[in-house]
Amino acid sequence: MSGDKGMKKEISLSSLIIIGLASAVATAIFFSPLQMSAVAGPASLVSWIVAILFYITISITYIELSQTYPEAGGPSRYSIYSHGSVTNLINAMADLLWYLFIPPIEAFATIEGLDYVFPSLLNLRGFPTLEGAIIGVILMFGYIPFNYYGVKTFSKVTSSFGTIKYIIYILPAFLLLVSFFDVRNLTSYGFIPFGVSGIFAAMPYAMFAFGGARVIPDFAEEVKKRSYLVYALIATVIGEGIVYLLFDFTFITNLNWTKLGLIPGEWSSLNSLVGNPFIVLASHLHSGPGEVALILFLIGGIIGPFLTGYVYMGGGARVLLASARSGFLHEKFKALHSKYAIPYWGLIVFAVIGALIAFLFAPVPSIYGLIDDATVAGYIGFSTNPVAMMVLRKQGVTKWKIKGGSVVSPIAFAASSLIVFWSGWPAVPYSVIILAGITAILGFLGKVKEGLKESLWYVGYIAFLTFMTYIGSDGALNLIPYLQATLLTVILSLALFYPLGIYQGLKERNYLHHNEVFEHKD
């Protein structure tokens, strides 16, 4: 089944934009507004705005790097060119953890929607039952066919379903606003009931939502023109930002505290709601628009996450391909299907591991626990990109430079640092322990040594972020107040680890030693 002709460049600009939007807007659109409002109240709207600004800087680094290295799973390869194999191994495994958690999260979101019709899928605490876990496994394997038959079929199906998905999402949000709208929820109980700390505490859930744009450069090797990556990233970040703000505003103004059995203004009590929050809201409305909204939310809550789940599985298979090209995984993961030109071994293994996560983790965390862990791993991985961008500029290999990149890069690095820190304890140590274990095993088996000295900044940086969450106000020791700990995280990240990461970068082009990728031509 292995082919040697390379991946097929068949993704158009419109398809790439819809792939980006479809992968980005799913579970987070339903669940992030609740969790963010529970810790920030109406000020969660501010969290979304800050998140948009943060992720714009991160996406700009993707734009520049993907123009130089338009590879499958590219973000999991950039650091091998800037810092060598050891840094890249840690970076790639952090990315892989992000990808491994997302499809099960989307499967759980589908189960949350199905539970309204089949109430035996969740227990009273909102965790999947045995039946729910089995459905999760079935969904994981159900993602395979949408990726298996080539990227052309994948992009066409995703474009069609993605367009319908957006209509199903946006229309019921407006119907909720028509059915019930209580502007008092924005101000009567305090716009910032938990202070600035609440705005920051809500940020990881917003940044989890924006992380879906990362899928776009993962398909870089299969787009018809690499310039499409630029427009697709910009359109995705702006498009999803507008939709997230709409849904957060809708959630806040649709809270009928009495019907939900909650004390008005007790924002933290929102955590007691079980199931898809927007389905819960719509189920308490009995007007015509409210009933239509409920039906559409049920459809969207079931189908929407499914679409995101299979898109992420496709992206994850390409991360496995990238890791195999870097020499961290078996050669089989580099194999492409002779007819469909997809990394089929990565696709199958990814589905199996995802099914195990969906089944074994089902009784343990709620969907929010998995979101916390995925966010930490994702932004530990993302944090290498701003540094890699500056190192590759110094090497002289950058083909297309973003204006103001030297300003954007440190902001993107600081943003990644803060998202990890704000994710708090114990999400950070959980993710770091898993990351360290996987990295140590693969590093030992693969005898990964190249660039050990150049990786010291990254190892120190991860240890620093873990330590800050340990001593911060929401950590184990509670030694430093939240805002002071936040400021300290920013200062040390920018004053120490960012310049150290650039200084420890490779001084000459590393591509000649890592030329596993087929040459990409527009």
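Which residues lie nearest the centre of the second largest pocket? In this predicted model, they are Val86, Ile90, Ala436, Thr439 and Val459, out of 13 residues that line the pocket.

I'll stay with that pocket for a moment. The space in it comes to about 250 Å³. Three helices each supply at least two residues of its lining: H5, which runs 85-114, H19, which runs 427-446, and H20, which runs 456-471. H19 gives the largest share, with five residues.

Rolling a probe the size of a water molecule over the atoms shows where empty space is left. Searching the whole structure turns up four cavities of 30 Å³ or more. I'll describe the largest cavity, at about 70 Å³. Its lining is made of 13 residues, and Ser23, Ala24, Glu106, Phe208 and Ala209 are the closest to its centre.

Which helices supply this lining with at least two residues each? They are H1 (13-24), H2 (27-40), H5, H10 (195-210) and H14 (288-325). H5 has the largest share here, at three residues. The lining of the largest cavity has eight nonpolar residues, four polar ones and one charged.

One point to take away concerns H5. This helix supplies at least two residues to the lining of the second largest pocket, and H5 also contributes to the lining of the largest cavity.

Conventions. Residues are numbered from 1 along each chain as its sequence is written. This is a predicted model: local features need pLDDT of at least 70, side-chain atom pairs count only at pLDDT 80 or more; totals for chains, interfaces and linings use all residues. Side-chain values use heavy atoms; hydrogens and water are left out. On a 1 Å grid over the protein atoms alone, a cavity is a set of points where a 1.4 Å probe fits but cannot get out, and a pocket is an open set with protein on both sides within 12 Å along at least five of seven lines; lining residues have an atom within 4 Å of a point. Grid points are joined across faces, edges and corners, and a volume is the space filled by probe spheres set on the points. Helices (H or I, at least four residues) and strands (E, at least two) are DSSP runs, numbered from the N terminus. Ala, Val, Leu, Ile, Met, Phe, Trp, Tyr, Cys and Pro count as nonpolar, Asp, Glu, Lys and Arg as charged, and the others, Gly among them, as polar.
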